[in-house]
Amino acid sequence: MAGPNSDTYRITYQENLSLALVERKAQFDNAFSYTPTVRGKQVQVTDLVGKSEARIDAAEGGDTPDIDNTHEPVWMRPRRIDWGKLLRKEDDIKSAISYQSTYVQGGAQGIVRAKNSILASAIFGPRLIGNEVPVSTNWNGREVAITVGGAGPNVGMNVKKILNAMKYMEDDEVILEEEELFLVMDPQEQLDLWSDLTFVNKDYREKAQLDDMSRRALAIFGIPIIPSKRIADKAANQSTAALFCKSGMYWGEAMPLETNVAQNPNKQFRTQLYAETWVAATRTEDYKAVKIINLY
């Protein structure tokens, strides 16, 4: 498929797939800070400066202080996302690459799902830190126990667990009023929270945004809830929700979406649709992401 028609098909497919991706905005896009300069195999996101404390009651006329701060460069490594579809002989190429096509809409959906997985895994996944040779380090933050908010040993999602997660952040000197917070919950956790707000913690009902038709909470304490099953479960019967700060999460595109429409000589010269992009995401500070363990 060489020549003008090939270029026209490729450009049309690129434009329609890009538009479909915009329409299907990824769940975590607004919950992460965007980094526009992602290039190469890995990129430094920020240089974290450790906490320090000013002197109190220093001697008058004494030496000027030189207070040390630790520095911790944080990096992220791009990951490849690609999608493809081999058209059948009877498929019409113009229909296949149209905006309404199941191939365009399905491809966009598949790419968004993969992107959601990359960003979601960054919340509690390993992060790269270090100066010249970054080292992968596991999440080492706080965790709200499965027993919080109930009388039994295993309890589902409830208001007290969210309050505990917020308290943990405050214990680590996160000023919540200055942060943009997000909650990630799976469908069962959303249902459990809805039940807790409706039947138990009625005092907090007015502080939540509820969808009574679907029996789920959309937000609580002004914190939007992202419905997702992409946070790794604690154990077979224990699910994991997340409370995190936007300022502690970053993502970027190492390569914008590229597409191709061409005949595949290995598949009887059938027309092949192909799309590729590279996405990177990371957590900067462990204390800005709190795990909430729940009965599954």
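Strands here are DSSP runs of E with at least two residues, helices are runs of H or I with at least four residues, and both are numbered from the N terminus; two strands pair if DSSP finds at least two bridges between them.

Residues are numbered from 1 along each chain as its sequence is written, and side-chain values use heavy atoms, without hydrogens or water. Since the model is predicted, local features need pLDDT of at least 70 and side-chain atom pairs count only at pLDDT 80 or more, while totals for chains, interfaces and linings use all residues.

A second open sheet, also of mixed pairing, has seven strands in the order β7-β15-β12-β8-β11-β10-β9. Its edge strands, β7 (143–144) and β9 (208–211), each pair on one side only. On its other pairing, β11 is antiparallel to β10 (residues 216–220) over two bridges, and Ala219 stands opposite Pro224. The hairpin of β10 and β11 has two residues between the strands, and Phe221 takes a positive phi near 55° in it.

The nonpolar cores come next. Such a core is a set of buried Ala, Val, Leu, Ile, Met, Phe, Trp, Tyr and Cys residues joined through side-chain atoms within 4.5 Å, where buried means under 20% relative accessible area, exposed over 50% and partly exposed in between, with a 1.4 Å probe and protein chains only. The largest core has 42 residues, and Tyr13, Phe32, Ile123 and Phe244 have the most contacts inside it. Its largest share, 11 residues, is supplied by α3. Beyond its neighbours within four places in sequence, Ile123 is in contact (heavy atoms within 4.5 Å) with residues including Phe28, Phe32, Trp139, Val184 and Phe244. Another core, of 25 residues, lies apart and includes Met166, Met169, Met185 and Ile292.

Two pockets complete the picture. On a 1 Å grid over the protein atoms alone, a cavity is a set of points where a 1.4 Å probe fits but cannot get out, whereas a pocket is an open set with protein on both sides within 12 Å along at least five of seven lines; lining residues have an atom within 4 Å of a point. Grid points are joined across faces, edges and corners, and a volume is the space filled by probe spheres set on the points. The largest pocket holds about 340 Å³. Among its 16 lining residues, Leu21, Val22, Asp29, Lys115 and Glu253 are the closest to its centre. Two or more lining residues come from each of α1 (4–23), α3 (102–124), β13 (249–264) and β14 (270–283). The second largest pocket holds about 260 Å³. Of its 16 lining residues, Arg77, Arg79, Pro126, Arg127 and Ala281 are the closest to its centre, and β14 gives the largest share of this lining, four residues.
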